[in-house]
Amino acid sequence: MRKVSVFGATGSIGQNTIDLIRRDPDAYNVVALSGAGNIRQLAQDAIDLGAEIAVTAHDHRLDDLRSALAGSGVHAAAGEHALIEAAARPADWIMSAIVGAAGLAPGLQALKQGTTLALANKESLVTAGPLLLAEAQAHGARILPVDSEHSAVFQALAGEDIAAVERIIITASGGPFRDWPLEKLRSATLDMACTHPNWDMGKRITIDSASMFNKAMEVIETREYFGVKPAQIEVLVHPESLVHALVGFRDGALMAHLGAPDMRHAIGYALNWPERRDLPVARLDLARIGQLSFHAPDEQRFPALRLAREVMETRGLAGTVFNAAKEQALDHFIAGDVGFTDMSELVEQTLNDLSAELSLNGDILTLDRVLEMDAQARRITEHTAVRMN
Ligand code: NAD
Ligand code: MG
């Protein structure tokens, strides 16, 4: 039996992961599950799956979690420290599906045990990619991508030499505002941004898809995962969300990955890797689908994409600032105190304000540096957001 843990178990990726685990209960021994506010779901899943431990990120919910687990034999724990301790519990496969930079520390801890980390938490790669990769290498751990585009690229690269890759193209649905003029985008509301045409995902990533910040993060993710140059990464708008990514080789061949928009494919691929096993995802009927469409993205209406390129050119702590400012700007948009297009302005302004401090001056990236810069960037974004109001 394989020992598995799921961090962010109560979220969209976490629940899809649990769905796959439940379908083959004899194959897995569940070590740790984590969540935040949804104690009932966390406790129920931990009991059903016979987990060793359930952890809520919220310290003040420990008593609630204890009561929900009473008599079940599942250990209850709470807080940031408990999350890290749970990530240190030996497991063969660990899903990192916490949303936001909060996923970084547990992810790093998991890598220290030399395990396989299925990484959905793209924020940790954007904020501290080189740190995660160095930690994986130092401990003989493996990071497998759990983002539909990056799983697709990873699959297209199987058996190939990365040196033969000319370009990597990741697709974007374009979100609900794909064809909106800039003027109209300014008045886009939270409700409108929370409705994704093709994917059913957590609230934050859904809004990031509407602003293209999700794609911007994924461009940076591509750079970190596959080590290609920024100029080799392209974004292609593909409203049907059936082609997830394409890899172009030096001989002109383009290998595309197609599949239904269902995250259980990318999760299941990482869970079963290096094998392929049956997965409960819809099979595409291309004759019925008939046509697929593609067009170039508009960086003027969606400045997040341009900012991602600037971040990749700058390197150093630019990704940390980009991610922190984006998370903060998103909080403000959700709270209703900045507009939809203000989010990219806030991120750009924060990057500009900190431009003199982004270089690592030859130092290696450490967790302390990341956390320090993350906090500083959040403070600056906060200030700018208040001034904007
Ligand atoms: P979600 O909001 O549905 O779930 C987030 C999970 O993180 C929940 O379990 C929640 O309890 C937990 N959490 C929230 N704040 C926390 C904190 N401060 N500390 C610890 N835990 C916390 O999000 P999701 O859509 O499942 O996305 C999870 C991650 O996967 C994100 O990084 C997202 O970008 C990435 N991702 C998601 C999808 C998708 O289809 N949903 C696709 C690709 C990548
Ligand atoms: Mg994606």
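Which domains does the domain assignment of the protein give? The assignment comprises domain 1 (2–145), domain 2 (148–260 + 292–299) and domain 3 (315–389), with bounds taken from an automatic or database domain assignment. The structure is a predicted model, in which local features need pLDDT of at least 70 and side-chain atom pairs count only at pLDDT 80 or more, while totals for chains, interfaces and linings use all residues. Residues are numbered from 1 along each chain as its sequence is written, chains are lettered from A and ligands numbered from 1 in the order in which they are written, and side-chain values use heavy atoms, with hydrogens and water left out.

The C-alpha centres of domain 2 and domain 3 are 23 Å apart. To the contact between them (heavy atoms within 4.5 Å), domain 2 contributes 20 residues and domain 3 contributes 14 residues.

Ligand 1 is surrounded by 23 residues, a residue being near a molecule if one of its heavy atoms lies within 4 Å of it. The closest of these residues are Thr 10, Ser 12, Ile 13, Glu 123 and Gly 202. Because domain 1 and domain 2 both give residues to this shell, ligand 1 lies between them. The shell consists of 13 nonpolar, seven polar and three charged residues; in this classification Ala, Val, Leu, Ile, Met, Phe, Trp, Tyr, Cys and Pro count as nonpolar, Asp, Glu, Lys and Arg as charged, and the others, Gly among them, as polar.

Backbone atoms also approach the ligand. An oxygen atom of ligand 1 lies 3.1 Å from a polar backbone atom of Gly 11. For Ile 13, a backbone N or O atom is 2.9 Å from an oxygen atom of ligand 1, and a polar backbone atom of Ala 36 is likewise 2.9 Å from a ligand oxygen atom. The protein covers 84% of the 830 Å² of accessible area that ligand 1 has on its own, as computed by the Shrake-Rupley method with a 1.4 Å probe.

Thr 56 is located in strand E3 (residues 53–56), strands being DSSP runs (E, at least two residues) numbered from the N terminus. Thr 56 is buried, with a relative accessible area of 0%, where buried means under 20%, exposed over 50% and partly exposed in between (1.4 Å probe, protein chains only). Beyond its neighbours within four places in sequence, the contacts of Thr 56 include Gly 35, Ala 36, Arg 61 and Gly 79.

Leu 236, in strand E9 (residues 233–237), is partly exposed, with a relative accessible area of 21%.

Note on methods
Polar contact = N/O pair within 3.5 Å; in protein donor to acceptor, adjacent residues only side chain to side chain. Helix = DSSP H or I, 4+ residues; strand = E, 2+ residues; numbered from the N terminus.
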